[in-house]
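Dear colleague,

My notes on what was found in it follow below.

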Amino acid sequence: QVQFVESGGGLVQPGESLTLSCAASGLIFRNFNMAWFRQTPGEERELVAVIRKLGDTSYIEAIKGRFTISRDNAKSALYLQMNNLKPEDTAVYFCNAALSAGKTFDSWGQGTQVTVSS
C-alpha cells in the first residue's frame with residue numbers, strides 16, 4: 001500500500017532554515033505530481049507546494065520565495081527546503097500525491113512538526 005514517511009522537522013527561531021524529507025513507497029513515484037501540506041490544530045490541512053512529474057512547481061503566496069520543493073525520483077523522495085521561517089509557518093507538515101480534482105491518496109504519514117518560535 002502507499003506509504004509516506006516525513007522527517008526533518010524541529011524547533012527553530014524565526015529566520016532560520018529547515019529541510020523536510022518525505023520517503024514514499026507503494027507507488028511509482030515518478031508518475032505522480034507530489035505535494036507538501038501543513039496543518040495546525042483545529043484547522044484544515046492546507047496544500048502549500050506542488051511539484052509536477054516534469055519538475056515544474058507551484059506555491060501558495062505565503063511561502064513564495066522562502067520555500068523550495070524538490071524531488072528525487074530515483075529515491076522516491078520529496079523535499080521541502082524552508083528558509084527565513086516565520087512563526088506562522090508553525091504546523092505539522094505532510095506529503096502526499098497531488099491527484100486530479102484536488103484529491104490525494106487516503107493514506108497519510110505521521111507528519112513532521114515544525115515549530116518556529118523565539
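Four strands make up an open sheet in the order β1-β3-β8-β7, and their pairing is antiparallel, where strands (E, at least two residues) are DSSP runs numbered from the N terminus and two strands pair if DSSP finds at least two bridges between them. At the edges of this sheet stand β1 (3–7) and β7, and because each has a single partner strand, one side of each is left without a neighbour in the sheet. Neighbouring strands here are turned by 15° against each other on average, direction ignored, the axes being lines fitted to C-alpha atoms, with angles that run from 0 to 180 degrees between N-to-C directions. Between β1 and β3 there are five bridges in the antiparallel sense, and E6 stands opposite C22 in β3.

Before going on, please keep in mind that this is a predicted model, in which local features need pLDDT of at least 70 and side-chain atom pairs count only at pLDDT 80 or more, while totals for chains, interfaces and linings use all residues. Residues are numbered from 1 along each chain as its sequence is written, and side-chain values use heavy atoms, with hydrogens and water left out.

A further open sheet has six strands in the order β2-β10-β9-β4-β5-β6, with mixed pairing. Its edge strands are β2 (10–12) and β6 (57–59), each of which pairs on one side only, and its neighbouring strands are turned by 25° against each other on average, direction ignored. The strands β2 and β10 run parallel and are joined by three bridges, with V12 having V116 as its bridge partner in β10.

Which residues touch the most other members of the largest nonpolar core? Of its 27 residues, they are W36, L78, L80, M82 and Y93; such a core is a set of buried (under 20% relative accessible area, 1.4 Å probe, protein chains only) Ala, Val, Leu, Ile, Met, Phe, Trp, Tyr and Cys residues joined through side-chain atoms within 4.5 Å. Leaving aside neighbours within four places in sequence, Y93 is in contact (heavy atoms within 4.5 Å) with residues including E6, L20, W36 and V114.

With best wishes

Note on methods:
Buried means under 20% relative accessible area, exposed over 50%, partly exposed in between (1.4 Å probe, protein chains only).
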